[in-house]
Amino acid sequence: MGSRATDTTPTPAGEGGPGSGDDYVDVVFDVFAGRCTSREALGHITGRWGILALGALSEGTYRFNALRRRVDGVSEKMLAQTLQALERDGFVLRKAEPTIPPRVEYSLTPLGRQAAERLLGVIEWLESAMPEVMAAQARHDRAKSGL
């Protein structure tokens, strides 16, 4: 969380080569700023399918259909879009072997492992807090229905 907003297109500042990560070391990112580019990446990892895909991939390498079975309820289209976004952001590595049919595997990059580690903490906390969440939901629903 930066102290000032950045514009939508960070200006490279470092001396690193293309894609080195050093290019943007002097840019301040602030997800609370509406036009900050970090919001898009935040949405990719914290959206329902992003967090579940990263969590599943933290268990190891998956082929597409196996990952789709692990992330129960995701459509083929949504999983494909999610994986493409996570790959573009540098969280997921897509490895395609030139066989017939092509064998494609997905795994986490080091950056993806860092993100997944943090997201798994949220998942584990939520699962353990579900009795409290469900009790709060029941109270809310009773109050709304006038019972």
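This is a predicted model: local features need pLDDT of at least 70, side-chain atom pairs count only at pLDDT 80 or more; totals for chains, interfaces and linings use all residues.
Residues are numbered from 1 along each chain as its sequence is written, and side-chain values use heavy atoms, leaving out hydrogens and water.

**View 1. Helix H2 lies across the strands E1, E2 and E3.** H2 covers residues 48–57 and runs at about 95° to E3. Helices (H or I, at least four residues) and strands (E, at least two) are DSSP runs, numbered from the N terminus.

**View 2. Here's the open sheet of 3 strands, in the order E1-E3-E2 with antiparallel pairing.** That leaves E1 and E2 as the edge strands, each pairing on one side only. Two strands count as paired if DSSP finds at least two bridges between them. E2 and E3 make a hairpin, with 5 residues between them.

**View 3. Zoom in on Glu 105 of E3, the bridge partner of Arg 63.** Lys 95 also stands opposite Glu 105. As for E3 itself (residues 103–108), 5 of its 6 residues are buried (under 20% relative accessible area; exposed is over 50%, partly exposed in between; 1.4 Å probe, protein chains only).

**View 4. Thr 82 sits in helix H4, residues 76–88.** Thr 82 counts as buried because its relative accessibility is 10%. Leaving aside residues up to four places away in sequence, Thr 82 touches Trp 49, Gly 50 and Ala 53 (contact means heavy atoms within 4.5 Å).

Terms used. Axes are lines fitted to C-alpha atoms, for helices over the stretch in contact, and angles run from 0 to 180 degrees between N-to-C directions.
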